[in-house]
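Visitor: I am new to this structure. Could you take me through some of the terms used for it, and what they rest on?

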Amino acid sequence: MQKILIVEDDTNINNLLQEALSKEGYSCEQAFSGTEAKLLLNMQEHGYELVLLDLMLPGISGEAVLEEIRKKGNLPVIVLTAKDSLDEKVEVLTSGADDYITKPYNPMELVARVRSNLRRYMQLGAIDTVNKTDIIEIGGLELDTKAKSLKVDGEPV
């Protein structure tokens, strides 16, 4: 079951999104502030496949949450916001959002966009965020992709 993080400070909207996506078979976790979203995203065991992100959040802004997500990888992010200026859309999409939906929106369209973004993410080789490790071991070789180091039989090369 694919796991989605919903980051929306409006309780009614957050609950509506959770209900609509759960009916479609997705597992959803809810955050009601940017600070809460950042904490949940930093916890490795959650393993989200997509984030629905409002921009106007208490605590840390949606833009700052998006920046944190992009520092860590290619997790799909769909921005849901009342901000509808062309400059805002271009800025957020350029900053790393995968999609941008302005409020109000139809839940059926949202679910279709979630499916589309998840399909693209999975087809392009999503990184396993649950079991991700920076060290690849094959035989006597140990490659640390984060530290950019290689060991052969335990000895640094």
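Guide: This is a predicted model. A place to begin is Leu53, whose bridge partner in β4 is Val79.

Visitor: What makes β3 and β4 a pair of strands?

Guide: A pair needs at least two bridges. Three bridges join β3 to β4, so the two strands pair, and they run parallel.

Visitor: How many bridges join β1 to β3?

Guide: Four bridges join these parallel strands. Ile6 stands opposite Leu52 of β3.

Visitor: Why is β3 called covered on both faces?

Guide: Buried means under 20% relative accessible area.

Visitor: How do you know that the span of α1 agrees with its number of residues?

Guide: At 1.5 Å a residue, the 13 residues of α1 (11-23) should span 18 Å. The end C-alpha atoms are 18 Å apart, so the two values agree.

Visitor: Which residues of α1 are buried, and what puts them on the same side?

Guide: Asn14, Leu17 and Leu21 are the buried ones. They cover an arc of only 65° around the axis, and therefore lie on the same side of α1. An α-helix has 3.6 residues a turn, so residues three or four places apart point the same way.

Visitor: What does the face turned away carry?

Guide: That face of α1 carries the exposed residues Asn12 and Lys23.

Key:
Residues numbered from 1 in each chain as written. Predicted model: local features only at pLDDT ≥ 70, side-chain atom pairs only at ≥ 80, totals over all residues. Heavy atoms only, no water. Expected span 1.5 Å × (residues − 1). Buried < 20%, exposed > 50% of the residue type's maximum accessible area, 1.4 Å probe, protein only. Arc of directions from axis to C-beta.
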